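Please open the structure in a viewer and keep the selection tool at hand. The stops below move from charged pairs to aromatic rings and end with the confidence values.

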Amino acid sequence: MAFNKAHHFIIEKLYAIDNRHQGQSGLNLLLNSACPGAAHQSGERHDPPKCHPGTRRAVIDEIMDWVDSEERERKIMWLSGPAGVGKSSIAQTIAERCDSEGKLVSSFFFSRIDTSTGRDDGNRLVPTIAYHLSIAIPATMALIVAALERDPAMQTYAMKVQLQRLVIDPLKHISTHRKNLVQTHTPKLLIIDGLDECNDRKVQGIIIEALAWMVSQPSVHLRILIASRPEFEIRNVFDSFPLRRRCVRLVLDGQYAPDKDIEIYLRSQFTIIKKEHTLTPLLSQDVNWPSCQDIAIIVQRSSGQFIYASTIINYIMDDRCDPRERLRAIVDRRQGGHITDYPYAELDAVYTLILETAAEAQNYGYISTVFMALLYVNDKREDSEVFLPAPGAEAKKEIASIYTVSRLAMFLGLPRSLMELLLMDLHSIVCVPGSRSFAEDGHFIRFYHASFGEFLQDPSRSKNFFIAKEKAHVMLGKHCFWTILAKEPTQQPYGSDLGYVLRYALHNYFYHLQHSIFDDELLHGLQGLENAREIVQDIILGLDTEEIEDILILVFKFDFTVADSSVS
């Protein structure tokens, strides 16, 4: 013992310091604000798109040359292009390669589709970068954790302040006190994909400006690859004077020969179809299928959009159909007998064909209802994430989403078997994970690409398949009411599928009604809810002041609307 035989001293105060507890607390603060699901290797990004082997070589080589160069002035690269040209696939491929080579610090893949995990929230970016930095360069972890423990509210500060304290200061410290570490090979690349899918356009610009400021600091030897559509707000920031000279621009256009890459991809996928499809014996005998002309037509119609080619392949490879017939339907497809010249004509033609095929096999009214839910279910609330105890284990974080087959079927009042049949014809445009526990593995039903949601919401493109926002909210509001009236909330554990559905209905039915138009159909449904007042009173007990005010306004509006309807 250290004090053995010691004497003539007094211990006035004794402090016990548990550094492990402090560190864990700081790390929890970081993780609660970060979005691990946005990383390139996250399981929540189920089967992320990446470049097909042998394609996109020129683009990838140019990006990697920039990553490995000694360029000190232009530390930001903007990879831009329209929807569907393969930006995310390139970003994913670069992320995986740099990760395997020890060059990647952090990756964040924004998504306007996967909102339940915060992938559309720009405020989660800096904590995510800081968390990844603490893993990629372990010497920074204690510094980042200590900064958060000194000021637990740091994640609420301006983005530049967060970057200064969670990224710049730790890097500056190790560059000053651990020069041997800096001189050796350290990771240096940050990848941000889909910035245009960040839910706040103002934050998009703030992110670019803050990151540009960060890499201008002498102690920061990082490079940042940003991939996005060339949206107006993003273009404006990159066109500003400071960034014009500090940014490398790479535009995905004809310069990089996308047609050749798409042809390579198509030929490879058709080879797989011929080998693995249920009709392989018949397909293998047809040595001329697909014909060179068929492939050339698809390449031409793709117009450089990989999403067009990949959507077609998903449509053709359905094991329940003859791929030759489906390819012929694609090749023979025309809009009014000719190819139109608006940007998404070919992609829209494919989406329309898929929906027409699905409508022939199933009741499209049900399919439309599923699409309404995938577009407008409100999974953005902070209370969509809960902690649930697993049997025999510590509490774990689980996403309280209703985007699973069983939960969505329950919410929409459909038998699960019918839901599975409806989704069966939509696998080329809707990602439907396996039947295992979605809540545990984080895999949820979603559109493969945001462009399909945009298609459904634009009447000039989707025409008869157009989904009106107000009509969708009416439908979802009704299902919330019916869910609440049909079940007893207090008897359902929130860890069950029914519990999740009830939780969603209780917290969101006024949200949907606020975005609805009070037409005769909606009023008829509301007038049948005799105990609506009791339900409102029960729900108010669990809401905050702002939500209660919104509810009172809506109830006031509802009272007068119903009264007017009754009089008339």
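A salt bridge is a side-chain nitrogen of Lys or Arg within 4 Å of a carboxyl oxygen of Asp or Glu. The model toured here is predicted, with local features requiring pLDDT of at least 70 and side-chain atom pairs pLDDT 80 or more, while totals for chains, interfaces and linings use all residues. Residues are numbered from 1 along each chain as its sequence is written, and side-chain values use heavy atoms, with hydrogens and water left out.

**Salt bridges**

Select Arg112 and Glu454, whose side chains form a salt bridge at 2.9 Å, N to O. Arg112 lies in the loop between β2 (104–109) and α4 (125–136) and Glu454 in helix α21, so the pair ties together parts 342 residues apart in sequence. Helices (H or I, at least four residues) and strands (E, at least two) are DSSP runs, numbered from the N terminus.

Arg229 belongs to the loop between β4 (223–228) and α9 (232–239), so its pairing with Glu454 in helix α21 ties together parts 225 residues apart in sequence. Arg229 counts as buried at 10% relative accessibility, whereas Arg112, at 33%, counts as partly exposed. Buried means under 20% relative accessible area, exposed over 50%, and partly exposed in between (1.4 Å probe, protein chains only).

**Aromatic rings**

Remain in helix α21 (residues 450–457) and select Phe452 and Phe455, 3 residues apart, about one turn of the helix. Rings of Phe, Tyr and Trp (its six-membered ring) pair if their centres lie within 6.5 Å; planes under 30 degrees apart count as stacked, over 60 as edge-to-face and the rest as tilted. The Phe452 and Phe455 rings are stacked, 6.0 Å centre to centre with 20° between the planes.

Next, select Arg326 and Tyr315: Arg326 lies over the face of Tyr315, 4.2 Å from the ring centre. A charge sits over a ring if NZ of Lys or CZ of Arg is within 6 Å of the ring centre and within 35 degrees of the ring normal.

**Confidence**

Finally, colour by pLDDT, the predictor's confidence in each residue, from 0 to 100. The protein chain averages 79, and 76% of the residues score at least 70. Select residues 335–343, where pLDDT stays under 50.

Notes: Contact means heavy atoms within 4.5 Å.
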